[in-house]
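Subject: Structure handover

Hello,

Here is the structure I promised to pass on. Please open it first, then read my notes below.

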Amino acid sequence: MENTETRGKRKILAGVVVSDKGDKTCVVEVERLVRHGLYSKTLRKTARYHAHDEGNEAKTGDKVEIMSTRPISKLKRWRVCRIVEKAVN
C-alpha cells in the first residue's frame, strides 16, 4: 500500500481472514502466545480485528498482514497491508 517509513511507526500484525462478508471490510483473527503469570503455562489468545480492504481482495482463509491506521469507521482501525498466503479452496 504505502511506504511505512514515511508514515511513522505503525503496528503490523499477521492473522487469518475469518470473514469477508462486509463491503471493503474483512475480519482478521490474530493469535498470540502469552505465558500465565503464576503457573507459567503458555496460553493461546486470539483477537479479532476489523480491517479495511479497499479492493475486496482478501478472502476467507487467507493469511494477511494488517497495519494500524486512523479510525475509518466505528470498528475499523486497521487496514490490510498485503496478502501473505492465499487460501487453498
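Glu 31 is partly exposed, with a relative accessible area of 47%. Its salt-bridge partner is Arg 44, and the closest N and O atoms are 3.4 Å apart. Arg 44 lies in strand E3 (residues 42–52) and Glu 31 in strand E2, so the pair ties together parts that are 13 residues apart in sequence. Arg 44 counts as exposed, at 61% relative accessibility. Keep in mind that this is a predicted model.

The salt bridge count comes to six. Two others are worth a look.

- Lys 86 pairs with Asp 62, with 3.7 Å between the closest N and O atoms. Asp 62 is buried, at 2% relative accessible area.
- Lys 63 and Glu 85 meet through their side chains at 3.9 Å, N to O. Lys 63 belongs to strand E4 and Glu 85 to strand E5, so the link joins parts 22 residues apart in sequence. Lys 63 is partly exposed, with a relative accessible area of 39%. Glu 85 is partly exposed too, with 42%.

**Fold**

The protein chain has zero helices and five strands. The five strands close into a barrel in the order E1-E2-E3-E5-E4, with mixed pairing. Neighbouring strands of this sheet are turned by 45° against each other on average, direction ignored.

Strand E1 (residues 12–19) and strand E4 (residues 63–68) pair in the antiparallel sense over five bridges.

**Core**

What makes up the largest nonpolar core? Ten residues do, among them Val 17, Val 30, Ile 66 and Trp 78. Strand E2 (25–35), E4 and strand E5 (78–85) are the elements that give two or more residues to this core. E2 gives the most, with three residues.

Leaving aside residues up to four places away in sequence, Val 30 touches Leu 13, Ala 14, Gly 15, Lys 45, Thr 46, Ala 47, Tyr 49 and Ile 66.

**Whole chain**

Of the 89 residues, 25% count as buried. The chain exposes about 6,600 Å², and carbon and sulfur atoms supply 49% of that area. The C-alpha atoms fill a box of roughly 45 × 35 × 25 Å along the principal axes.

Best wishes

Definitions and conventions:
Residues are numbered from 1 along each chain as its sequence is written. This is a predicted model: local features need pLDDT of at least 70, side-chain atom pairs count only at pLDDT 80 or more; totals for chains, interfaces and linings use all residues. Side-chain values use heavy atoms; hydrogens and water are left out. Two strands pair if DSSP finds at least two bridges between them. Helices (H or I, at least four residues) and strands (E, at least two) are DSSP runs, numbered from the N terminus. Axes are lines fitted to C-alpha atoms, for helices over the stretch in contact, and angles run from 0 to 180 degrees between N-to-C directions. A nonpolar core is a set of buried Ala, Val, Leu, Ile, Met, Phe, Trp, Tyr and Cys residues joined through side-chain atoms within 4.5 Å. Buried means under 20% relative accessible area, exposed over 50%, partly exposed in between (1.4 Å probe, protein chains only). Contact means heavy atoms within 4.5 Å. Accessible areas come from the Shrake-Rupley method with a 1.4 Å probe; for residues, only the protein chains shown count as cover. A salt bridge is a side-chain nitrogen of Lys or Arg within 4 Å of a carboxyl oxygen of Asp or Glu.
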